[in-house]
Amino acid sequence: MKISGVDIRPGNIIEFEGSHWRAVKIQHTQPGKGGAYMQVELKNVYDGRKSNNRFRSSETVERVRLDPKDYQFLFRDGDQLTFMDTETFDQVVIPAAILDEEIDFLADGMQVVIESIEERPVSIKLPEQVTLTVAEADPVVKGQTAASSYKPAKLENGARVMVPPFIETGEKIVVNVYEREYVRRAD
């Protein structure tokens, strides 16, 4: 499906320069002179190369159709991730490099969606929100509560997020995986 260059969003996989690329970061720019454009950081889904490209609204790119399938994460062995197909129980091994910073949130038994192009895995979608325990949280400094302030916290998986001052070590919180931010206390 063809899309305009300014309609590219993070996570989209596009066909560009004869290969498949995932949009990692985007920045819409509207200079004083000339037309608006989208500055896009791309990562090759096969070899991990990165590229920065500028797409104007008049340009079109091919958005790749992905085949999603449900899998369950089993375990990590070095830089390899093993998943099980939830329908056929077949196992598939995928390089850990396919996940970027979200790999911190991958947990044993987690249900994920693996997206493939011609039966070759190119993307793993984790649940948008996960529940984790706060392993370390800095104490609140008195006098900082006048404005809405957040403090750093380390989670059980080693990831760091900013949390409200009332969150303490040992509490379970819900975290947005892709934004790496606190959502709410867990029920």
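Five strands form an open sheet in the order β9-β8-β7-β10-β11, with antiparallel pairing (pairing requires at least two DSSP bridges between two strands; strands are DSSP E runs of at least two residues, numbered from the N terminus). From one strand to the next, the twist averages 45 degrees (axes are lines fitted to C-alpha atoms, with angles from 0 to 180 degrees between N-to-C directions). Five bridges join β8 and β9 in the antiparallel sense, and threonine 82 stands opposite valine 93 in β9.

This is a predicted model, in which local features need pLDDT of at least 70 and side-chain atom pairs count only at pLDDT 80 or more, while totals for chains, interfaces and linings use all residues. Residues are numbered from 1 along each chain as its sequence is written, and side-chain values use heavy atoms, leaving out hydrogens and water.

Isoleucine 14, found in strand β2 (residues 13-16), counts as buried because its relative accessibility is 0% (buried means under 20% relative accessible area, with a 1.4 Å probe and protein chains only). The C-alpha atoms of isoleucine 14 and arginine 63 are separated by 4.4 Å, although these residues are 49 apart along the chain.

Conventions
Helices (H or I, at least four residues) and strands (E, at least two) are DSSP runs, numbered from the N terminus. Buried means under 20% relative accessible area, exposed over 50%, partly exposed in between (1.4 Å probe, protein chains only).
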